[in-house]
Structure formats: structure tokens, C-alpha cells
Amino acid sequence: MLRKRIIPCLDLKEGKVVKGVKFIDLVSMGDPAAHALYYNNEGADELVILDITASHEARGTLVHVVEAVAENLFIPLTVGGGVRTADDVRALLLAGADRVSLNTSAVSRPELISESAERFGTQCVVSAIDARRRDPASPGWDVYVYGGRENTGRDAIEWAAEVESRGAGEILLTSMDRDGTQIGYDCELLRAVTEAVSIPVIASGGAGTMEHFADAFTLGGVDAVLAASLFHTRAMTIRDLKNFLSKKGVPVR
Amino acid sequence: MITVVDYGMGNLRNVMRACAEIGVRAAVTSDPDAVRKAGWLILPGVGAFGEAMRKIEELGLRSAIVDHARAGRPLLGICLGMQLLLDSSEESPGVTGLNLIPGVVRKLDGGVKVPHIGWNDVVPVSPSPLFPDQNEKLVTYFVHSFYVGIIPETVAVTEYGVRYSASVRKGSVYGVQFHPEKSQIAGLNLLRRFTLVKPASWSE
């Protein structure tokens with residue numbers, strides 16, 4: 001049986017792991033390669049690295065970080081941040097990434113998804129979507145870009161369906177409202193997207209308790225869950241989380 | 001020594017790192033002569049069937065890989081590398097594979113999310129040096145949209161929508177649909193076992 005995946009995420013700024021709340025107030029949390037080695041041995045099913053500075057200089061840093069992280073990593077690695085062209089995708093794959101996450105550039109130029117999928121395969125392309133709830137008068141979620149700084153006015157559910165049709169192999173779905181709050185995933189958003197697409201979906205943003213992870217799978221219908229500071233601070237270990245999920249009937253490795 | 005075939009598609013670095021981790025020397029090459037001289041050959045692969053075969057033909061690697069296999073020397077195809085061992089794929093109609101193992105690669109279907117991404121069971125069904133313990137159930141990492149069905153060469157199976165080949169073997173030609181280089185200890189152990197397999201005579 002296919003197992004549900006637990007994925008720690010390293011948010012990087014200038015090559016160091018950081019964590020913010022609702023995409024701001026960044027606090028440094030240390031060396032990415034050390035975190036990666038810990039997670040490799042801790043039972044993580046994959047690792048995600050997102051460069052949230054995402055400038056041209058940051059991309060060079062990112063390639064070096066990916067090389068250092070991949071050195072001792074024998075689980076899959078997804079890398080994202082500032083990827084603008086299919087050649088950027090290739091550089092990250094060559095550095096040791098197994099899959100590459102596309103966000104802002106794919107919203108401004110959706111052909112980037114199909115170009116990357118054609119060249120490297122659908123399974124290589126993860127489409128990251130940062131979604132935020134609209135005001136209660138008009139229910140739904142908008143897609144944000146530039147690290148959550150700009151509202152595109154696009155509907156998140158429609159965009160999810162479009163990235164699938166353009167060749168994305170997976171969606172990394174972040175609730176900006178829940179990011180760093182530890183009050184639980186936005187299961188309504190997760191459910192809306194998992195019902196709209198037939199590719200796997202990774203839930204991100206809001207995990208605080210083990211119940212929250214279980215909810216993302218059972219209520220949200222996702223295939224994988226992502227969390228950062230909760231694991232980095234060792235507030236929760238992946239092994240304990242997997243024991244809990246297993247008892248809840250969620251298949252884990 | 002392991003020779004890893006570079007035909008411009010794979011994530012070679014990860015295969016190289018896995019070889020280093022298990023203490024085996026490995027070299028990357030796209031030179032047909034080096035492939036012909038190889039002892040143990042690994043054909044990695046990420047990407048599309050048609051594009052992979054196009055590169056293999058362009059580099060003149062087809063006959064080198066086929067000759068290696070027919071000489072009875074060990075070959076391991078990983079993921080797309082395993083699919084290339086067959087005749088053709090629904091992914092790229094009209095493109096001829098390496099024709100080492102008869103069969104057609106199909107598209108995953110059956111009400112499941114595609115690609116198949118994540119950790120799944122690998123159940124040995126027939127004796128193979130890669131799966132010496134028939135009772136050992138492995139959990140390994142898969143990421144793919146196309147599959148090889150159950151064929152006479154199937155030595156391990158997995159299930160995702162359909163039951164299909166997690167691993168195939170014909171003589172000393174081996175294929176695994178999952179990624180041993182990304183499957184932690186279980187994968188590294190399997191790679192180590194491949195480096196210990198003996199050449200076997202080839203029969204069509």
C-alpha cells in the first residue's frame with residue numbers, strides 16, 4: 001500500500017534555515033546540511049528545501065546548499081525558490097534535487113510548467129501554490145506570489161487544475177493564513193484542491209499537533225504533509241508522529 | 001567497479017553517491033567503448049521514454065548496452081532505465097526500446113493518482129539475487145507514471161491501482177521500477193547485492 005508521506009521543509013535565507021510566521025518575522029535556525037542528515041536518519045519520507053529569498057544571487061547559493069544537503073541524503077529531495085527557466089530546473093537536478101518546485105515564475109509564465117515537464121518528466125515538476133482566503137463576503141482562496149507579497153487575483157482551485165493540465169506531477173499547497181500559526185492545516189482548502197485534481201497534493205501551513213496531521217489526511221484528502229519549525233525545534237519527532245498516525249489507521253512507512 | 005551510463009537524462013549524482021555510500025567504486029560514462037568494457041552497468045533514468053531512447057541512439061549506446069547484456073554481464077536498469085529494457089512504451093508510441101525483455105510499458109490507470117509518488121511495498125515473487133529472502137517485504141520509493149505489467153521476467157511486484165512489476169530479471173539483466181538510491185537502507189542493501197551478482201549466460 002502506498003504510504004502517506006511526512007516531509008520536513010527547510011526554508012532558506014542566504015543559505016541558512018529560517019522560520020517565519022505568515023511568511024514574515026524570520027528567525028535563523030542553522031545549517032541545512034545538518035538538518036538534512038538528522039531527517040534522513042529520523043524517518044522522514046522526503047525533504048523539501050525552499051529558498052525564500054529567491055534572488056539571482058540566492059540561486060547560486062541554493063545550488064551549493066543542494067549539493068551539500070544531497071551529499072548524505074538517501075531520501076528524495078525537492079528544491080524550490082527563484083526557479084525561472086527550464087535551465088534553472090536542470091541546474092538544481094544536476095546539483096542533487098530529485099524534483100523541483102515552481103511557484104512565482106509559473107504563475108507569470110505557465111509554459112514553464114509544460115516546458116519543464118516535457119524535458120524532465122511530469123514526476124519532476126512540483127507546483128507550489130500559496131493560497132490565502134478571501135474576505136468572508138466572497139468565499140474561496142487567491143493565489144499569492146513573490147513569497148506571499150503579491151495577490152495575483154487568481155482562484156487557487158482553478159490554478160490547481162491548470163497546473164495539472166500543464167504537466168505538474170504534484171502540488172505543494174500552502175495556506176498563508178495558517179503558515180507558522182500551529183492552529184492546524186486549512187482542511188477546507190486541502191479538500192477543495194484534492195477534489196479538483198488527480199495528482200498528489202502536499203499539505204503545508206499550520207501544523208501544531210499530531211491530530212492536525214491526521215486531519216490533513218482524513219479531512220483534507222492529501223497524500224503528504226509538510227511541516228518545518230515543529231520538527232526543527234524537535235517539538236515533535238517524525239517517529240512519534242508516525243506511531244500516532246499508524247494507530248489512527250493512516251498508512252505510514 | 002560499477003559503470004553508470006550517462007545519456008543526459010538521469011540523476012546520476014544520486015546513483016554515484018549511493019555507490020560511494022556502499023563503498024563501491026563507480027564511474028560515469030557516455031562512451032560506448034567504456035560501456036562495452038564495463039563489468040557492472042547501471043542504467044539510471046528520469047524523464048520520458050522517447051527522449052531517453054533518442055539520446056541513447058544519438059550517443060551510439062544502444063549496441064554497447066545490448067552487447068553488454070548479451071555477453072552475460074550484469075546490468076541494472078533503474079525506473080525509466082528498467083522500462084527502456086523492454087520493447088516499447090505507451091509514453092512514446094513508435095519508439096523502440098532496447099528489446100532485452102519482451103513487453104510493452106503501459107500508463108498507470110485504475111482510479112489512482114498519477115504519478116505514483118511515495119513509499120510502497122515490494123513483494124518478491126520469484127527467486128532473484130536482488131531479493132534473496134523471499135519473505136522479506138521491502139518498502140521503497142517510487143515516482144513514475146508508466147509501468148511494466150506482470151511478465152515471465154517479473155521477480156517482485158507492487159500494487160498501485162494495478163499489480164505490476166517492481167522488479168524484473170532476465171539472466172544478468174535486472175530492472176527495478178523504484179529508486180534504490182533514494183530508498184534509504186533498503187535501497188542501499190539492494191544496490192550492494194547488485195554489485196555482488198555474477199555474470200550469467202544470456203539466452204534469447
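Reply: **Helix, interface and charged pairs**

Helix H10(A) is followed by A:Gly249, a residue with a positive phi near 90 degrees. The model under discussion is a predicted one. H10 of chain A spans residues 238-247, and its buried residues are A:Ile238, A:Leu241, A:Lys242 and A:Leu245. Because the arc that these residues cover around the axis is only 100 degrees, they lie on the same side of H10(A). In general, an α-helix has 3.6 residues a turn, so residues three or four places apart point the same way. The packing partners of the buried residues of H10(A) are strand S1 (5-13), helix H1 (32-42), helix H8 (210-218) and helix H9 (229-232), which belong to chain A.

A:Asp223 and B:Lys113 form a salt bridge through their side chains, with an N to O distance of 2.7 Å. The pair joins two chains, since A:Asp223 is in the loop between H8 and strand S12 (224-227) of chain A, while B:Lys113 is in the loop between strand S6 (104-107) and S7 of chain B. A:Asp223 counts as buried, at 11% relative accessibility, and B:Lys113 counts as buried as well, at 19%.

B:Arg17, B:Lys113 and B:Trp119 supply 26% of the area that chain B buries against chain A, which is more than any other three residues. B:Arg17 pairs with A:Glu71 in a salt bridge whose closest N and O atoms are 3.7 Å apart; this distance qualifies because the cut-off is 4 Å. Five salt bridges are counted between chain B and chain A, and 16 residue pairs across the interface are in polar contact.

Other charged pairs lie within a single chain. The structure as a whole holds 28 salt bridges over all chains. One of them joins the side chains of A:Arg119 and A:Asp87, at 3.1 Å from N to O. As A:Arg119 lies in helix H5 (residues 111-120) and A:Asp87 in helix H3 (residues 86-95) of chain A, the pair ties together parts that are 32 residues apart in sequence. A:Arg119 is partly exposed at 37% relative accessible area, whereas A:Asp87 is exposed at 51%.

In chain B, a salt bridge links B:Arg54 with B:Glu51, the closest N and O atoms being 3.1 Å apart. About one helical turn separates B:Arg54 and B:Glu51, because they are three residues apart in helix H3 (residues 49-58) of chain B. B:Arg54 is partly exposed, with a relative accessible area of 42%, as is B:Glu51, with 28%. Returning to chain A, salt bridges with shared partners join A:Arg5, A:Glu46, A:Arg99 and A:Glu170 into one network.

Key:
Residues are numbered from 1 along each chain as its sequence is written. Chains are lettered from A and ligands numbered from 1 in the order in which they are written. This is a predicted model: local features need pLDDT of at least 70, side-chain atom pairs count only at pLDDT 80 or more; totals for chains, interfaces and linings use all residues. Side-chain values use heavy atoms; hydrogens and water are left out. Buried area is the accessible area (1.4 Å probe) that two parts lose on being put together, summed over both. A polar contact is a pair of N or O atoms within 3.5 Å; within protein, one must be able to donate a hydrogen and the other to accept it, and residues adjacent in sequence count only if both atoms are side-chain atoms. Buried means under 20% relative accessible area, exposed over 50%, partly exposed in between (1.4 Å probe, protein chains only). Helices (H or I, at least four residues) and strands (E, at least two) are DSSP runs, numbered from the N terminus. The arc is that of the directions from the helix axis to the C-beta atoms. Contact means heavy atoms within 4.5 Å.
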